[in-house]
Structures are given as structure tokens and as C-alpha cells.
Amino acid sequence: MKNNASLIYNVCLVVGDFLALVAAFVVAYIVRVKVDTAPLIHTIHPLAYLGIFLGVLPFWILIFALLGLYDSNIYEKRFKEFGRLLVGSFIGLLFVVFWSFVSTQPIFPARLVPIYGFIFGFLFLLVFRNAARFTRTRLFNVGIGLTNVLIVGNTDTTGELVESLSGHRSGYRIIGVVGGKRHVGTRAIPTFPRFADFLKGNVKGVNSIIQTELYADESRNAEILTYAQEHHVSYRFAPGNTELFVGNIDVELFRSGLPMIVVNHTALLGWGRIVKRLSDLVFSALLIVLLSPLFLIIMMLEKFTEPHAPILYKPARLTRFDHSVHVFKFRTMKNAYNGITPEQGFAKLGRPELAKEYRANGDQLSHDPRISALGRVLRAASLDELPQLFNVFRGELSFIGPRALEAVELNQSDKKNLILSVKSGLVSLAVVAGRPGISFEERRKLDLYYVQNWSYWLDVTIFLKTLRVIVGRLLRGGARY
């Protein structure tokens, strides 16, 4: 049974975007023609102006559609939606300007009207999209628009799905688990030993089936797929070995024409590596030049506070292909605790119990006694990381990448080799996307997600989130990972 809630939401987005753009260009007309007293280039009647844009704006909506702004996989990704709205609005503006150029009659009463329209349009679209997302979530909370899901399988993935789809906020309602008794826990989810038993229960309203394991008996697999096809129910297969089907995937015809699935360790391949390296080179060089006065000031302060201590801290870290590099940082530890492990430092301080708290809290303490007063300031604004721009310029690190860790730390992860498929980064998804104090394992999962799902837009998103985190930390005066 097909669920039309997503289709209805799509229609609402199309209509809402259209109305937001109409309102934006109406406001732009009012601001420039009615409010601004400067002379106009052309005198265009409001109804004529509105009529022209009602005919042009469908092409703008088409541009949004081509950019994927009406695809369900972007509904909850605010940063990606923000970027595509910005790009789509700019392309739409160029289309309108081009239309004005080739049109036999003037469209704009003044040159500032399209600029105002672009600005108001982008702002109105953002407001509408966030309002639509808020409304959709509230409807989910009261059980409206939910997708009824049947999960088939008894694997670890089944348990993860039950956990992630719990709560109506996800937009899904689990109506049963076939063969997944041990994963249901205390939640009131019906369980069925076999798919045939589910059918006997006369459970109706299935919108989607997610199968998490393939049975040795092919007739059981065929039974599930046939049911989905005959009843127009969406069907998905979630592999138990999730590492095999993430990252960069392609299908090729091998030698005799046999189709094969090609799975690369990372999505950062080909042109992506070239563009990423060029971006690192250009931006690191530019920032080194622009921030050179700040470098000098920090170096002078380091020497003033502890004259005989080194300015830089150069720990060994792992990067792509398990290579070890010395990353450059401004020293933030008191010299007595510089260059030794946290356990050694806390023992030397006479407080060995802090080492356990430090590790349990995601390698951070709110008031670490080993850090100097200047170091706290540098860490609060992430200024101690600035010398790593030279590592980026030299090609040892990247601006964005998995967290650069010591070998002894990264060796604790069984995904070490996968994480080291790309260069380690000055900024990582594990820092900006993770909750404060999350475990070492959870951070490495975020690193692995970055490696296997890299895109240039993901790098842009992480960079923007980094700025938000730094600003928030400065306002709160909090510690940093």
C-alpha cells in the first residue's frame, strides 16, 4: 500500500516555494517602486509585472527540482538544503535576467528589482522550508503522515533499525518484525516467526518492507519480494555487512559481460582528490599570508609567558595510508606536562584519578589543570590549530578529514585502515557533528562515515558547522575537544 504523505509534502513544497518567490518579487517591486524615490528606468504596471513573473517562475521551480530540492533524501538535511536553495536561487535569478534580456518588453522597472527579488526570495524560501519542516514533525508526533514499516530479518541491522526508527519523529511506524524476536526489547512491536505468519495475521497498511537478511531458501526471499510488488509496497534491502555497500559504489560489466558491483574504500576518488588538494593548497596559502600577524602575536605571547618553553608542539599523528606526520600546534600545555601522555601528566600532577575521567569524557576535561592560561584562550578559539595550515600546504593533512590521532589511539579501532583511506584533517566531522563527550568509538564511526560518504558539499557543510561551533564555544567560554 503506497503512502501518499511524502507526495503531499512534495506538492506543498512546490506550492510553497512558488508562493514564496511570488511574494519576494512583489516585495522587491514595492520596495524599489513605492518606497525608493529614485527615478525608474521603465514604468511597468504592477499587474503586468506580476503576470510576467507568474509565467517565468515555473522554470525557477524546475531548476529547484533538477537540484533535488523535492527529493525525500534532503528533507532533514538543513545544510544541504540551504546550499541548494542558495545555488537554485542564484541560477533562477540568472534565468530571469536572461529572460529580461531576450524579451521584447521590459520586465524590471529598475535594475535593483532582481537583486531585491533574489535576497527576499532566498530569505522567504528559508523561512517557508523551516516552517514546513516544523509542521511536518508536529504531524508525525500525532501520528499523521507516518510510513508503516515491516522489518524482515534477525540480524544486528534489525536491532539498529528498530532503535533508529523508534519515536514518530523519524516519520516511520514499525508495525512488525519478522524473525527478529531478540531485537524488539520492551517496545510493543508485533513479532512473527515467518513472513507467512505475518500475512495470516491480516495486518494491513504496510507502506514499506525492509529486509535485513537473505534467506538460504530462495522461495522465502521471493515470497517477500512478490508480496511487495503485487501490493505496491516499497521494498528495501539492508545488508548485514554495511561496510560493503557504503562509499563509492559502481556497477560494471566484467570481461564476459557479467555484471559486478565495485565497492571502493572511499568516495574520495578521481576528480574529487584533485579538487580537494587544489582547494587545500590555495586556501592554506591564502590563510597563512592573511593570518601571519596573528601568528607573530601568539608566538610573542608564548615566549612571554614561558620564555624557555617551545612555541610549537609537534606530536606524531597518523594520516593517509598509515603514514606518520608531525603536526604543528601552538603549545597549550604547561611545559612540565608537554610531550607526555595524559596518564603520565596527571600522575606527575599528583591526580592520577583525572586520567580515567579524561578518557571517559571523550579525551577532555572542563578545567584541565595541565593547560596554561594562554592555552585556554587558544583552545577556546581553536587558535592552537592554526600552525597546521603549514601541514595542509605541504600536503600532509587536509582541511577537512578524519581526526588526526596518535597511532596508539587509532590502533584501538578495528576500522583503522578504512579511516586512513584519506588524509587526516585539521577539522573533522567527529568534532563538529558529535555531541560533547561522546565516546571514542562513536567518534571513529563519524570518521568512517566521512571517508565512505565524502562529497565536496560535505566538506563545505563541515566547514560551516565548524564556524558555528567555534562561535558558540567563544560565547559560552567552554572547553574544546
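Here are a few questions and answers about cavities and a helix pair in this predicted model.

User: How many cavities of 30 Å³ or more does the structure hold?
Analyst: First, the ground rules: local features need pLDDT of at least 70, side-chain atom pairs count only at pLDDT 80 or more, and totals for linings use all residues. Residues are numbered from 1 along each chain, and hydrogens and water are left out. A cavity is a set of points on a 1 Å grid over the protein atoms alone where a 1.4 Å probe fits but cannot get out, and its volume is the space filled by probe spheres set on the points, joined across faces, edges and corners. Cavities of 30 Å³ or more: 2.

User: What is the volume of the largest cavity?
Analyst: Its lining (residues with an atom within 4 Å of a point) includes Val-327, Lys-329 and Glu-385. The volume is about 50 Å³.

User: Which helix gives the most to the lining of the second largest cavity?
Analyst: That cavity holds about 40 Å³ of space, and Arg-220, Glu-223 and Ile-224 are among its lining residues. Helices are DSSP runs (H or I, at least four residues), numbered from the N terminus. With 3 residues, the top giver is helix 8 (residues 218-230).

User: At what angle do the axes of helix 3 and helix 4 cross?
Analyst: Axes are lines fitted to C-alpha atoms over the stretch in contact (heavy atoms within 4.5 Å), with angles from 0 to 180 degrees between N-to-C directions. The axes of helix 3 (residues 78-102) and helix 4 (residues 112-141) come within 10 Å, and they cross at roughly 150 degrees.

Notes. On a 1 Å grid over the protein atoms alone, a cavity is a set of points where a 1.4 Å probe fits but cannot get out, and a pocket is an open set with protein on both sides within 12 Å along at least five of seven lines; lining residues have an atom within 4 Å of a point. Helices (H or I, at least four residues) and strands (E, at least two) are DSSP runs, numbered from the N terminus.
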